[in-house]
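Biologist: I would like to learn how to read a structural model with some care, going from the whole chain down to single side chains. Could you take me through one?

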Amino acid sequence: MISFTVMALVFGVVFLAELPDKTALAGLVLGTRYRASYVFVGVAAAFALHVALAVAAGSVLTLLPQQILHALTGVLFLGGAAVLLMKKDEDEEEIRKPENQSFWKVSGAGFMLILVAEFGDLTQIMTANLAARYDDPLSVGLGAVLALWTVAGLGIVGGKALMKRVPLALITKIAALLMLGLGVWSLWEAVAG
């Protein structure tokens, strides 16, 4: 059974954390050079793989005793909030141009870029953390992958316009505050439980 509450919470947290990330900028760059649909297929496949790995890791964490699990997730959320608050603006990474515009070359370039860039990234760690926290792998996985696909789509299709209207500093602060709140809540449950 899917919990739309968990899915919406995960979507919001992951969306806000990923929006100012380097992969949104990479998607923007790829989207301006190549056919957007080809780029999106590769990027979406890589994000799906990352979410599956993160949810599996988070599901393993649910085997820990509840107090330890709450303390661990609280510390990870607080660490994620600190990373977001201390994050400097990232420069656009140079992306190597595939030799041609074929579907396989372009989507493969998008897949490999995200596969490498996102491995061990904050949003992957957050997804594992949320999977452990809510012990609902399907809802967490759907919320995370939909958030990542939305950010990728925005980056590929309309990233430039969005970045001009919404300051990345504001988005980063909102994501950090959400993570801070989840961290404090998890630590409270560890102490109170």
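Modeller: What follows is a reading of this model, which is a predicted one, beginning with the overall fold and then turning to particular residues.

Biologist: How many helices and how many strands does the protein chain have?

Modeller: The protein chain has 8 helices and 0 strands, and along the sequence the pattern reads α-α-α-α-α-α-α-α. Of its 193 residues, 46% are buried, while the accessible surface comes to about 9800 Å², with carbon and sulfur atoms supplying 70% of that area.

Biologist: Are alanine 17 and threonine 5 buried or exposed?

Modeller: Alanine 17 has a relative accessible area of 3%, and is therefore buried, the cut-off being under 20%. Threonine 5 reaches 64%, so it counts as exposed, for which the value must be over 50%.

Biologist: Now to charged groups: how many salt bridges does the structure hold, and how should I think about such a pair?

Modeller: The general idea is that side chains of opposite charge can pair when their charged atoms come close. This structure holds 1 salt bridge, formed by arginine 133 and glutamate 189, whose closest N and O atoms are 2.7 Å apart. Because arginine 133 lies in helix H6 and glutamate 189 in helix H8 (residues 168–192), the pair ties together parts that are 56 residues apart in sequence. Arginine 133 is buried at 11% relative accessible area, whereas glutamate 189 is partly exposed at 24%.

Biologist: Which rings does the charged end of arginine 133 sit over?

Modeller: One of them is the ring of tyrosine 134, whose centre is 5.5 Å from the charged end of arginine 133. Arginine 133 also lies over the face of tryptophan 185, at 4.3 Å from the ring centre.

Biologist: What is the phi of aspartate 135, and where is this residue found?

Modeller: Aspartate 135 has a positive phi of about 45°, although it is not a glycine. The residue is found in the loop between helix H6 (122–134) and helix H7 (137–165), and at 53% relative accessibility it counts as exposed.

Biologist: When two aromatic rings pair, what should I look at, and how many aromatic pairs are there?

Modeller: One looks at the distance between the ring centres and at the angle between the ring planes, and by this rule the count comes to 3 aromatic pairs. Among them, phenylalanine 11 and phenylalanine 15 are stacked, at 5.7 Å centre to centre with 10° between the planes. Being 4 residues apart in helix H1, phenylalanine 11 and phenylalanine 15 are separated by about one helical turn. Phenylalanine 11 is partly exposed at 28% relative accessibility, and phenylalanine 15 is buried at 18%. The rings of phenylalanine 103 and tryptophan 104 have their centres 4.9 Å apart and their planes at 80°, so this pair is edge-to-face.

Biologist: Which residues form an aromatic cluster?

Modeller: Tyr38, Phe103 and Trp104 form one aromatic cluster. Within it, phenylalanine 103 is partly exposed, with a relative accessible area of 27%, whereas tryptophan 104 is exposed at 70%.

Biologist: Finally, which residues form the nonpolar patch on the surface?

Modeller: The patch is formed by Leu64, Ile68, Leu72, Leu76 and Ile125, which together have about 370 Å² of accessible area. Helix H4 (residues 66–86) contributes the largest share of the patch, with 3 residues. Isoleucine 68 lies in helix H4 and is partly exposed, with a relative accessible area of 48%.

Conventions. Residues are numbered from 1 along each chain as its sequence is written. Side-chain values use heavy atoms; hydrogens and water are left out. Patches are made of residues with over 30% relative accessible area and no salt bridge: like charges are joined within 9 Å, nonpolar side chains (Val, Leu, Ile, Met, Phe, Trp, Tyr) within 5 Å. Accessible areas come from the Shrake-Rupley method with a 1.4 Å probe; for residues, only the protein chains shown count as cover. A salt bridge is a side-chain nitrogen of Lys or Arg within 4 Å of a carboxyl oxygen of Asp or Glu. Helices (H or I, at least four residues) and strands (E, at least two) are DSSP runs, numbered from the N terminus. Buried means under 20% relative accessible area, exposed over 50%, partly exposed in between (1.4 Å probe, protein chains only). Rings of Phe, Tyr and Trp (its six-membered ring) pair if their centres lie within 6.5 Å; planes under 30 degrees apart count as stacked, over 60 as edge-to-face and the rest as tilted. A charge sits over a ring if NZ of Lys or CZ of Arg is within 6 Å of the ring centre and within 35 degrees of the ring normal.
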